[in-house]
Structure formats: C-alpha cells, structure tokens
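This briefing is meant for a reader who is meeting the structure for the first time. Please look over the sequence and the model before reading on.

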Amino acid sequence: MPSLVRLTLPTLLLLSVCCAVADEKSSLIHENPYETGFPSGGRLRMDLCSSGVEIRGTDDNKLHISYDSKNGDDTKVKIKLNISGNVGRLAMDDCPRNNFQITIKVPSITNLYVRMWAGELNIKGVTGDKDMELHAGQLDVNIGKPEDYGHVDASVTTGEVDAAPFDISKGGLFRSFKKHGPGKYRLHAHVGAGQVDLN
C-alpha cells in the first residue's frame, strides 16, 4: 500500500499543475478588436452566437477577432478563448439580436469547426478541414480546390444545396450529397432551414 501512495501523489501533483496551466490559457476577452498568435495548420473550434460572420484566411499566423453592431449595443458581448498549442476554442455569447457582424481572421491553413444557431456564415481563403453547422440561415463557403478534399458532404433539412465545383444543385426537403476525392481534407456542411452554397 505505501508504494501505491508514493506513485499516486506525484501523479496528482502533476495533474494539478497541468490543470492550473490550462486554466491560465483560458480567458475572457474584452478588447475589440482582439489579436493573438495562432499557428498555421492549427485546429480552431468556434461556437458562435446568431449573427453575420465572416471567417477569412490571411498570411499571418494570428487569430484576429472584431465585431460591430449598427445599433451600438455590443458592449455586453462575451468572448471566451482557450488556446493550447495548435488547438483553439472560441465561444461568443450575449450578442445583439439585430445587425451584428463578426469578422474572424485566421491563418490561411486552419482546420475549422463552427457551430451557430442562426445567421449567415461566410468562409473564404481558408485551406483545411471544415466542419460547419447552422440551425437556420445561410452558409457560404469558398472551398478552394475540389481535389484537395477526400470527403465532402453537404445537406439541408429544408432549403437548398448548391455546390458548383461538384455540379450539384438541389432544393426541397432533406436534400444532401456526398463526394469522395483524392485529397486529404474533409468538409461537412449542414443547415437545418436555409441554404448551403459551396463555391
């Protein structure tokens, strides 16, 4: 039994230190705009409030977040960011309900995971995996080269799916398509009610 105690205590101490370090990297952001370093090729998960969102790839190894409300009522917006190595998680809450626009700039090679309740999500100039879902609204994605993808699937519960690079255009209830190719990236796009446009 004593040997078990000797083995367990250092492990617990190490875990507590790791947890403390992880907590230090998670913070509420009050600046607008806000910018911090983020590596090319990283993975970024975003849980965003209902709004108009543009995610744009740039040549900088940085994550840049800015937002604007035409009504001037964006002072209560809550932004939480956690970055650990090449993995980041961004959450935005308490956004104004009308005329609210978010712009997020990421390295041009970034793997994206995005969830929004409703609104308009526009992604352009970003190479990498893309996993995107909205309950309602419009999803517009510039996919780059179709041959870069090994798997593509897009769907709507009700609405329209347009994917000109794959010669797809469907409208109505429960519309979807899947494609497989030679590339290494994956793309998943779903809107409950609205439109998916891959271009």
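Which residues touch the most other members of the largest nonpolar core? They are Ile55, Met92, Leu121 and Leu198, in a core of 49 residues, where a nonpolar core is a set of buried Ala, Val, Leu, Ile, Met, Phe, Trp, Tyr and Cys residues joined through side-chain atoms within 4.5 Å. The model is a predicted one, in which local features need pLDDT of at least 70 and side-chain atom pairs count only at pLDDT 80 or more, while totals for chains, interfaces and linings use all residues. Residues are numbered from 1 along each chain as its sequence is written, and side-chain values use heavy atoms, with hydrogens and water left out.

**Overall build**

- Along the sequence, the pattern is α-β-β-β-β-β-β-β-β-β-β-β-β-β.
- Of the 199 residues, 39% count as buried, a term that means under 20% relative accessible area, with exposed over 50% and partly exposed in between (1.4 Å probe, protein chains only).
- Among contacts with a separation of 6 or more, 67% are between residues 24 or more positions apart, contact meaning heavy atoms within 4.5 Å.

**A core residue**

- Apart from residues up to four places away in sequence, methionine 92 touches Asp47, Leu48, Cys49, Tyr67, Val77, Lys78, Ile79 and Ile102.

- Threonine 58 lies in strand 4, and its side chain reaches the backbone nitrogen of aspartate 60 at 3.3 Å.
- Beyond four places in sequence, threonine 58 touches Lys105, Val106, Pro107 and Ser108.
- Asparagine 61 sits in the loop between strand 4 (51–58) and strand 5, and it is partly exposed because its relative accessible area is 47%.
- With neighbours within four places in sequence set aside, asparagine 61 is in contact with Gly37, Phe38, Ser40 and Pro107.
- Between asparagine 61 and threonine 110 there are 49 residues of sequence separation, and their C-alpha atoms are 9.9 Å apart in space.

**Strand 5**

- Serine 69 belongs to strand 5 (residues 62–69), and it counts as buried because its relative accessibility is 6%.
- Leaving out neighbours within four places in sequence, the contacts of serine 69 are Asp74, Pro96, Asn98, Asn99 and Phe100.

Notes
Helix = DSSP H or I, 4+ residues; strand = E, 2+ residues; numbered from the N terminus. Polar contact = N/O pair within 3.5 Å; in protein donor to acceptor, adjacent residues only side chain to side chain.
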